[in-house]
Amino acid sequence: MSNHIALRESEMSLAELRGDCARMAPHWTAHPKSAPATVAPSRIHGVTVPAASARLIDAMEDYAG
């Protein structure tokens, strides 16, 4: 029989987690985002979209044309 006792998962509070993140933030660097290059629709080949998905996107106000 093993004497190994499983440790409980850390019970870190949200405030502790946010504090840890705030202390680490200066160590993280973010590369500037560049706009993706636009591609002419005539160059897009081999993409198929199911009709139901196309109707769903078409019905969304943000994407409907």
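**A friendly tour of a predicted model**

Guide: Welcome! In this predicted model, a salt bridge joins the side chains of Arg23 and Asp20, with 2.2 Å from N to O.

Visitor: How many salt bridges does a search of the whole structure find?

Guide: Side chains of opposite charge can pair when their charged atoms come close. Arg23 and Asp20 form such a pair at 2.2 Å. For the whole structure, the search gives a count of one.

Visitor: In which helix are Arg23 and Asp20, and what separates them?

Guide: Both residues belong to helix α1. They are three residues apart there, so what separates them is about one helical turn.

Visitor: Is Arg23 exposed or buried?

Guide: A residue counts as exposed when its relative accessible area is over 50%. Arg23 has 54% relative accessibility. Its partner in the salt bridge, Asp20, has 31% and so counts as partly exposed. Arg23, therefore, is exposed.

Visitor: What percentage of the 65 residues in the protein chain is buried?

Guide: Buried means under 20% relative accessible area. The protein chain has two helices and zero strands, and it exposes about 7100 Å², with carbon and sulfur atoms supplying 59% of that area. Of its 65 residues, the buried share is 0%.

Visitor: Which residues make the nonpolar surface patch of about 380 Å²?

Guide: One of them is Ile44, which lies in the loop between α1 (14-24) and α2 (51-59). Ile44 counts as partly exposed because its relative accessibility is 49%.

How values were computed: Residues numbered from 1 in each chain as written. Predicted model: local features only at pLDDT ≥ 70, side-chain atom pairs only at ≥ 80, totals over all residues. Heavy atoms only, no water. Patch = residues over 30% accessible without salt bridge, like charges linked within 9 Å, V, L, I, M, F, W, Y side chains within 5 Å. Areas by Shrake-Rupley, 256 points an atom, 1.4 Å probe, with all protein chains shown as cover. Salt bridge = Lys/Arg side-chain N within 4 Å of Asp/Glu carboxyl O. Helix = DSSP H or I, 4+ residues; strand = E, 2+ residues; numbered from the N terminus. Buried < 20%, exposed > 50% of the residue type's maximum accessible area, 1.4 Å probe, protein only.
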